[in-house]
Amino acid sequence: LMNSPKKLPQGFHRTASSAKTQRLVSVCKMYFLDYYCDMFDYVISRRQRTKKVLEYLEEQKTLEKIPNSALNDEWYGYLQKENEVLRKRRLKPKHKDFE
Amino acid sequence: MSFLQSFHLSPGQTIRSTRGFKWNTGATQTNGPSQPETPSAHKSTRPLNGNVASPSMNPGITTTPVRQQTSFNPSSAQHVTDFNYTPSHQKPFIQQTAGTTVTTHQDIKEIVEMTLGSESVLNQAVKLPKGENENEWLAVHVVDFYNQINMLYGTITEFCSPTTCPRMIATNEYEYLWAFERGAAPVSVTAPKYVECLMRWCQDQFDDETIFPQKKDGAFPDKFVDKYVIPILRRLFRVYAHVYCHHFNEILELNLQTVLNTSFRHFCLFAEEFNLLRSSDYGPLLELVIELRDR
């Protein structure tokens, strides 16, 4: 006990080394690793998608065959789709929560 | 991506000094007169032990303040360091501790500093994607932070019981009360009870389709941010506050500090990006939040 460098509650190490706590800790770490991987993946790939769409729209504009309103509609159609994807991320059942 | 590497907890990578938390090691008061201050030496690395209290064994200690000597109790001298967070304005009221196991202290300090490493990845990731509906972006994040806090608190539920935390406090200065019914006076509850009520209250709102729409064409209510997002974040923050102030020792011991710091930093950056919390909402962790912001 005297070797403990910190003030810890009594029986801390017993509880901390229990299988239950160990499992909770590793689930927690995995959850965060998974969350941040997924979140960065989403943010980065979404930026790439948007960039491509904007490049495409810019290209179409220079061709001058398509009216501006049509391009606007395409842009808003794209945003609509992205919005649906984002909403699904909020609603998706997270299996990893229940491991 | 260097950010992700910080999840693999191997101490001794990139280290910044003077980062992160304030410790109540009490070591700052004791100035050995003949010891020169070197920039690399942390203050608590100075040898402090029971001898300090005994003038005959240590005649050169005359510079030690009187208050320090009187408050020092040799019988309770032990190697105890409390890493739980205390704002600096509360420091004088905290009992001084007599010594520090240097190696462990340094190790932990380094780990904490590393976890708050200077990553700009999170700052970028909280930004609203081009053309996205702001409410949708906020809603997704509110649910994410709810899940994160649930996970974090879940791992220390064994250490946060009605006995250990009979009141939902964060340092001695802040207590959070819970109102069980609309209009009823808020009452003092235990920390686990508070967190339980808080999580259920959040979940009820997430399940309410008039607040958090689930269908493709569902719209967010008027004043969604002021009426729902901000109150939820304000309360979720309190769980971070309680964990930082009263369970940081356990978090360190369980090696969850990276996860906690990352989550909290993400939370703060997000709140700042969209101006969701005022400095009064940060209460006990204001100093910590300012450090995060200024880095």
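Which side chain meets that of B:E136 in a salt bridge with an N to O distance of 3.1 Å? In this predicted model, the partner is A:R90. B:E136 sits in helix α5 of chain B and A:R90 in helix α3 of chain A, so this pair joins two chains. Both residues are buried. B:E136 also forms a salt bridge with A:R87, and here the closest N and O atoms are 2.8 Å apart.

The contact takes in 58 residues of chain B and 43 residues of chain A. Between them the two chains bury about 4600 Å², with 66% of that area on carbon and sulfur atoms. As for polar links, five salt bridges turn up across the interface, along with 13 residue pairs in polar contact. On the chain B side, the elements giving two or more residues are α1 (2-5), α3 (102-115), α4 (121-125), α5 (134-155), α8 (248-253) and α9 (257-273). Of these, α5(B) gives the most, with 12 residues. Sorted by type, the chain B residues that touch chain A come to 27 nonpolar, 19 polar and 12 charged.

Buried residues account for 33% of its 99 residues. Of the contacts in chain A between residues at least 6 apart in sequence, 62% join residues at least 24 apart. The accessible surface of chain A is about 6600 Å², and carbon and sulfur atoms hold 57% of it.

Back to the charged pairs: over all chains, the count of salt bridges comes to 14. One of them brings together the side chains of A:R46 and B:E132, at 2.7 Å from N to O. This pair crosses between chains, with A:R46 in helix α2 (residues 19-63) of chain A and B:E132 in the loop between α4 and α5 of chain B. A:R46 counts as buried because its relative accessible area is 2%, and B:E132 is likewise buried, at 7%.

Within chain A, the side chains of A:E82 and A:R49 meet in a salt bridge at 2.6 Å, N to O. The pair links distant parts of the chain, 33 residues apart, with A:E82 in helix α3 (residues 68-91) and A:R49 in helix α2. A:E82 is buried, at 2% relative accessible area, whereas A:R49 is partly exposed, at 34%.

Notes:
Residues are numbered from 1 along each chain as its sequence is written. Chains are lettered from A and ligands numbered from 1 in the order in which they are written. This is a predicted model: local features need pLDDT of at least 70, side-chain atom pairs count only at pLDDT 80 or more; totals for chains, interfaces and linings use all residues. Side-chain values use heavy atoms; hydrogens and water are left out. Contact means heavy atoms within 4.5 Å. Buried area is the accessible area (1.4 Å probe) that two parts lose on being put together, summed over both. A salt bridge is a side-chain nitrogen of Lys or Arg within 4 Å of a carboxyl oxygen of Asp or Glu. A polar contact is a pair of N or O atoms within 3.5 Å; within protein, one must be able to donate a hydrogen and the other to accept it, and residues adjacent in sequence count only if both atoms are side-chain atoms. Helices (H or I, at least four residues) and strands (E, at least two) are DSSP runs, numbered from the N terminus. Ala, Val, Leu, Ile, Met, Phe, Trp, Tyr, Cys and Pro count as nonpolar, Asp, Glu, Lys and Arg as charged, and the others, Gly among them, as polar. Buried means under 20% relative accessible area, exposed over 50%, partly exposed in between (1.4 Å probe, protein chains only). Accessible areas come from the Shrake-Rupley method with a 1.4 Å probe; for residues, only the protein chains shown count as cover.
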